[in-house]
Amino acid sequence: CWKVGIKRKYMRYRIKVKDIVEVLKCNAICATLFFTTLNTFVFSMLSLIGINAEYSTEVVALFSYGILFLMGLYSVFYLKPYMLIIPLFMLIMYFSSFIFFTQNRPFLLGNEILLGFLGLGLPAFLSSVTLDNIDKLEKYLHKYCITVVFIQTFLSIASHLSMPWCDRSNYMEISYQLLVPIIYFLLLEKGTVIDKFCLIAGIIIVIIDGARGPLVGIILCIGYRIISRFSKEKIALSMFLGMLGIIILIANYQTIFTWILNTANHFGFKGNLIRHIEWGDVFSPSGRDELFSLAVTVINKFMFTGSGMAGDRYWLNALGYGKTGAYTHNIFGELLIDYGIILGTILILFLCIMIYLCFIKRESMYLKIFKILFFSLGFSRLLLSSSYIIEVGFYVMMAMMIRGIKFRYIGEKNEEHINNYTLVLSDK
């Protein structure tokens, strides 16, 4: 009897420890995804009350980055074979590029990749892919999304009131982070009044303060929601109506832009999108035409061998791209430059097939979070900006994709109950 009692106490202790670890993982993942917003808020609040905010970034980073890194190390001991595919491939590419492509070493050892890939990307993947209570991550993500929208709304109002303590200099990163709650609430089947307010407020802030890129994710998500509501017989009609709507918008875009500009001038809004409307270059590639032209040159130069991980950074600089942000700004182009036509094409096809599998079956909570990140930081953003090597959202998305496909296609019966947790599914 005493052995049974000890065993029960030990099991209760393990469950409590595991629950604490799951909470830490969820908070670390969410805090890292929204790091810039949280850091900007802390910096602004400290400046408002007159406290030196010089080390505020380090404090916020210690909470999010530090805990995420520790949780990543802890997760190594709970990995299953199928979870190792992506981290092993990334590590092999990193070290082989370091050995065989010596010109890439300054970038591979730079703070951006060391922190973004080894310090955050891999730990984010490991922490996410080993999460058992995925419903808990969704609940924390919901809370963080509401918090981020309220923070962004507060800072946006303060910025337009010209408050000296309000820092909105990093509008690009902030607007992309705001895209996560917008997509979350767009995909929500039944939301509260607060959820609907956050959706509307988020879209307004992106329009008046944000970059143009997040609008692509919003449009893609809205298109997906419209098409997914139709049966197969009506998909053709919905796509026709969608294309007709796009044609009408293109034909009247000058009238629409003029109305937006007049409204913005009336209220004194001067966000990035508003400036581009005023300058008449909303659809300009912002220097990316030169960037993509040089990228094609690099792809042709290293067609079969590739230039190695981070090779795009070296060669775009070497070919004379004189602006900041000398990287491909497109995940497909980056894969082709780094790994060549053959391996790069295989990776692109693999990614597209996995994404397709995630969309054609009924949802699990894994795939719900996958879709949120797909339309925001994990994939949509990578079509126009950032890099898969350093984008934390990409690694979390890939983790959700791996677990979601494993759950739905391979081990559904075996994974319905994991370590005393019951997964909450939202079936269509």
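Which exposed residues does the face of H4 turned away from its buried side carry? They are Ile85, Ile92, Ile99 and Phe100. Before I go on, please keep in mind that this is a predicted model.

Let me stay with helix H4. H4 runs over residues 85–100, which is 16 residues, and reaches 22 Å from its first C-alpha to its last, close to the 22 Å expected at 1.5 Å a residue. The buried residues in H4 are Ile86, Pro87, Met90, Met93, Tyr94 and Ser97. These cover an arc of only 130° around the axis, so they sit on the same side of H4. As background, an α-helix has 3.6 residues a turn, so residues three or four places apart point the same way.

Next, the salt bridges. The whole structure has 10 of them. Arginine 313 pairs with glutamate 112, at 3.6 Å from N to O. Arginine 313 is in helix H15 and glutamate 112 in helix H6, so this pair ties together parts 201 residues apart in sequence. Arginine 313 is buried, at 3% relative accessible area, while glutamate 112 counts as partly exposed, at 44%.

Arginine 313 also forms a salt bridge with glutamate 334, with the closest N and O atoms 3.3 Å apart. That pair links helix H16, which holds glutamate 334, to helix H15, across 21 residues. Glutamate 334 is buried, with a relative accessible area of 1%. Through shared partners, salt bridges join Glu112, Asp312, Arg313 and Glu334 into one network.

Another salt bridge is formed by glutamate 173 and arginine 381, with the closest N and O atoms 2.8 Å apart. Here glutamate 173 is in helix H8 and arginine 381 in the loop between helix H17 and helix H18, 208 residues apart. Arginine 381 counts as buried, at 5% relative accessibility.

Now two backbone positions. Most residues other than glycine have a negative phi. Serine 162 has a positive phi, near 60°, and is in the loop between helix H7 and helix H8. Alanine 310 has a positive phi too, near 70°, in the loop between helix H14 and helix H15. Serine 162 is exposed, at 58% relative accessible area, whereas alanine 310 is buried, at 0%.

Two last items. Threonine 40, in helix H2, is buried with a relative accessible area of 6%. Leaving aside neighbours within four places in sequence, threonine 40 is in contact with Leu155, Asp167 and Ile174. Isoleucine 342 belongs to helix H16.

Conventions. Residues numbered from 1 in each chain as written. Predicted model: local features only at pLDDT ≥ 70, side-chain atom pairs only at ≥ 80, totals over all residues. Heavy atoms only, no water. Helix = DSSP H or I, 4+ residues; strand = E, 2+ residues; numbered from the N terminus. Buried < 20%, exposed > 50% of the residue type's maximum accessible area, 1.4 Å probe, protein only. Expected span 1.5 Å × (residues − 1). Arc of directions from axis to C-beta. Contact = heavy atoms within 4.5 Å. Salt bridge = Lys/Arg side-chain N within 4 Å of Asp/Glu carboxyl O.
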